[in-house]
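Reader: I have a two-chain model to look through. Could you take me through it in short steps?

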Amino acid sequence: MALLQLRVLTPERVVLEGGVRSLVAPAWDGRVGVLPRHAAFLSILREGPLEFLSEDGERREIRIDGGVLKVESGQAVVLADGAGEPGEARESGAAR
Amino acid sequence: MAGSRDVLRRIKSVRSTRKITRTMELVATSKLKRAMDRVAAARPYAEAAEDLVRGLNAPSLAQDHALLRQPAETKRAAVLLLTANRGFCGAFNSNLIREAQRCLAKLEEEGAETELHVAGKKGLAYFRFRGRAIASATTGIGDDPSPGDAEALVGPLRERFAAGELDTVAMVSAEFRSAMSTPPRTTDVLPVAPAPGRRSGDAFILSPSAGEIVARLLPAYVRATVYGALAENAAGEQGARRAAMKSATDNAGDILDNLTRSYNRARQAQITQEIAEIVGGAAALE
């Protein structure tokens, strides 16, 4: 099965990098799902949970503080202002 | 043995200085490692953001976006100088200060009214002493800068640029080539002028629109640029300090060698003299 290569980047670090089966991102106009082989796509993300199905089928979630999502040729890049575990306080700095 | 006692005292003092410089060298080495990791960790975001801005940029956007506006002439310019809070790092700070002065002079020569924003106590102390007006001063950024620090520095400038109060914002910071080489450089932070490259905007499904995505991205991009510079500056400072303290330690070692030599020579001369006196005295008794 083809995987989507997901990279979650914040100004400070690479939060996440790896293949995922699917991705649900908090786009500005609602949640948007991305599967492997998705068409080239650019969207604005708001603050919220970024869910994905990891390579071994496990559902995982991280929280992002808004940013931009780019999907192109099997690669999804999330440029987030900040990121952390769900429920964790906003990362200090990024977008204050 | 008056002379040799002075030499002994100097040996003691140089030895304790060497102990201090060696410790500072070790501290800088360990901080350098962390600072370099930070520089490396900041790079993927900066590269991806630049790639996106470049891909989306189009002449039509420049008219709608305040941060892309390329003023016909530069009337008001801001220079943001990043220096260290502490010294003992060789020519690191003075190189940055010199570059800032060069940058200010160049802008003024072009007829622009300049204002200077300084981060770091060293740059601040210099320009305060010289009596230059400083538009804003920041000294709270330590060894581990955050994107929040970058935002605090560049946020007000970005807003004023967007409002048309500034025509350009330049930043003077250290380029971290390696721990041994950290030359100063000037970066044009605003207006954002993406290097011409592959335009990819057309191939994408854009939601909501290229313009709005660029508007969302640009402030973050500017912030990432400044954050990257802060991170490089912090790493450069530690690298420069390590090099400076290394040569100070080596130097202290050389001085110690020389002092020890002259101490031994004085001691030997004294012994020789005492023997000569004894021999002379014995000869006189015969």
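Reader: In chain A, what share of the contacts with a separation of 6 or more comes from residues 24 or more positions apart?

Author: This is a predicted model. The count takes contacts in chain A with a separation of 6 or more. Residues 24 or more positions apart account for 46%.

Reader: How many helices and how many strands does chain A have?

Author: From the N terminus on, the elements of chain A run β-β-β-β-β-β-β. That comes to zero helices and seven strands.

Reader: What percentage of the residues of chain A count as buried?

Author: A residue is buried if its relative accessible area is under 20%. Chain A has 96 residues. Of these, the buried ones make up 53%.

Reader: Now the interface. How much area do chain A and chain B bury between them?

Author: The size of an interface is often given as the accessible area lost when the parts come together. In contact here are 31 residues of chain A and 28 residues of chain B. Carbon and sulfur atoms carry 65% of the buried area. The total is about 2,400 Å².

Reader: Which three residues supply more of the area that chain A buries against chain B than any other three?

Author: Together they supply 27% of the area that chain A buries against chain B. They are A:Pro11, A:Glu12 and A:Leu42.

Reader: Which element gives the largest share of the side of chain A that touches chain B?

Author: Each of β1 (4-9), β4 (41-54), β5 (59-72) and β6 (75-80) of chain A supplies at least two residues of that side. The residues of that side divide into 17 nonpolar, five polar and nine charged. The largest share is seven residues, and it comes from β5(A).

Reader: Which residue of chain B forms a salt bridge with A:Asp81?

Author: Between chain A and chain B there are three salt bridges. Seven residue pairs are in polar contact across the interface. In the salt bridge of A:Asp81, the closest N and O atoms are 3.7 Å apart. Its partner is B:Arg223.

Reader: How far apart in sequence are the parts that B:Glu151 and B:Arg223 tie together?

Author: B:Glu151 and B:Arg223 form a salt bridge, with their closest N and O atoms 3.0 Å apart. Both residues are buried. B:Glu151 lies in helix α5 (residues 147-162) of chain B and B:Arg223 in helix α6 (residues 210-285) of chain B, so the pair ties together parts that are apart in sequence by 72 residues.

Reader: Why are B:Asp250 and B:Lys246 separated by about one helical turn?

Author: Their side chains meet in a salt bridge at 3.1 Å, N to O. B:Asp250 is partly exposed, at 39% relative accessible area, and B:Lys246 is partly exposed at 40%. They are separated by about one helical turn because both sit in helix α6 of chain B, apart by four residues.

Reader: Which residues do salt bridges that share partners join into one network?

Author: A search of the whole structure finds 26 salt bridges over all chains. Some share partners and join residues into one network. The residues are A:Asp81, B:Glu151, B:Arg158, B:Arg216 and B:Arg223.

Reader: Back in chain A, how far apart are the closest N and O atoms of A:Arg59 and A:Glu61?

Author: A:Arg59 is partly exposed, with a relative accessible area of 49%. A:Glu61 counts as partly exposed too, at 26%. The two form a salt bridge, and the distance between the closest N and O atoms is 3.2 Å.

Conventions
Residues numbered from 1 in each chain as written. Chains lettered and ligands numbered in written order. Predicted model: local features only at pLDDT ≥ 70, side-chain atom pairs only at ≥ 80, totals over all residues. Heavy atoms only, no water. Contact = heavy atoms within 4.5 Å. Buried area = accessible area lost by both parts, 1.4 Å probe. Salt bridge = Lys/Arg side-chain N within 4 Å of Asp/Glu carboxyl O. Polar contact = N/O pair within 3.5 Å; in protein donor to acceptor, adjacent residues only side chain to side chain. Nonpolar A, V, L, I, M, F, W, Y, C, P; charged D, E, K, R; others polar. Buried < 20%, exposed > 50% of the residue type's maximum accessible area, 1.4 Å probe, protein only.
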